[in-house]
Amino acid sequence: MAASPQAGAAEQMKTLFLGAHPDDVEFGCAGYILTDRNIEALYVVFTQCLNHEHNRNIISEYETVTKKLAIPHIMLNLPNQHLSSLDFKIRHLLELYRSEFHPDVIFCPSLSDPHQDHRAIPQEAVRVFRKETILFYELPVFNPDFNPRYFHPITAQDAKRKVR
């Protein structure tokens, strides 16, 4: 079990949240964002995910969620389902965020996630953020064998705030 990223932190930790798609971070770690307010955060999404009819509301849902989470966010427009072929572009963007934001902690999808877009982000994150703490979140729909090494507990009240 890994130590909590906020353990012993007196000052705000710069925390970078990375998601391939607009709904990844809120599914994977919104509970953490809602409960740990001792962070200076940046939330980056790599694709708008609009090439499927079932995602027609994903941007408005993302805007609602980011407003509720109250953290700065950036939505890029790389091609959905093709992030695995854009490793150099993703690495370049992550290097830019490393040099401009200087994160202490990075949250990104699990390296073992079977979705090609989800896997592309952490593959480049481990190259770019070798000296920073990286925590990988799991998305239940893609990781049915959920196996956390660190689990951030949230209260029932926090859970209700998350799903509102």
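Strand β1 (residues 13-19) and strand β2 (residues 39-45) run parallel and are joined by seven bridges, where strands are DSSP runs of E with at least two residues, helices are runs of H or I with at least four, and both are numbered from the N terminus. Within this pairing, which requires that DSSP finds at least two bridges between two strands, Met13 has Ile39 of β2 as its bridge partner. The model is predicted, and local features need pLDDT of at least 70, side-chain atom pairs count only at pLDDT 80 or more, and totals for chains, interfaces and linings use all residues. Residues are numbered from 1 along each chain as its sequence is written, and side-chain values use heavy atoms, with hydrogens and water left out.

These two strands belong to an open sheet of five strands, paired in parallel in the order β3-β2-β1-β4-β5. At its edges are β3 (73-75) and β5 (133-137), each of which pairs on one side only.

Helices lie against this sheet. Helix α2 (residues 58-69) lies across β2 and β3, at about 165° to β3, the angle being taken from 0 to 180 degrees between N-to-C directions of lines fitted to C-alpha atoms, for helices over the stretch in contact, that is, with heavy atoms within 4.5 Å. Helix α4 (residues 116-128) touches β1, β4 (105-109) and β5, and its direction makes about 150° with that of β4.

The buried residues of α4 (under 20% relative accessible area, against over 50% for exposed and in between for partly exposed, with a 1.4 Å probe and protein chains only) include His118, Ile121 and Val128. Among the elements that cover the buried residues of α4 are β1, α1 (24-35) and α3 (87-101).
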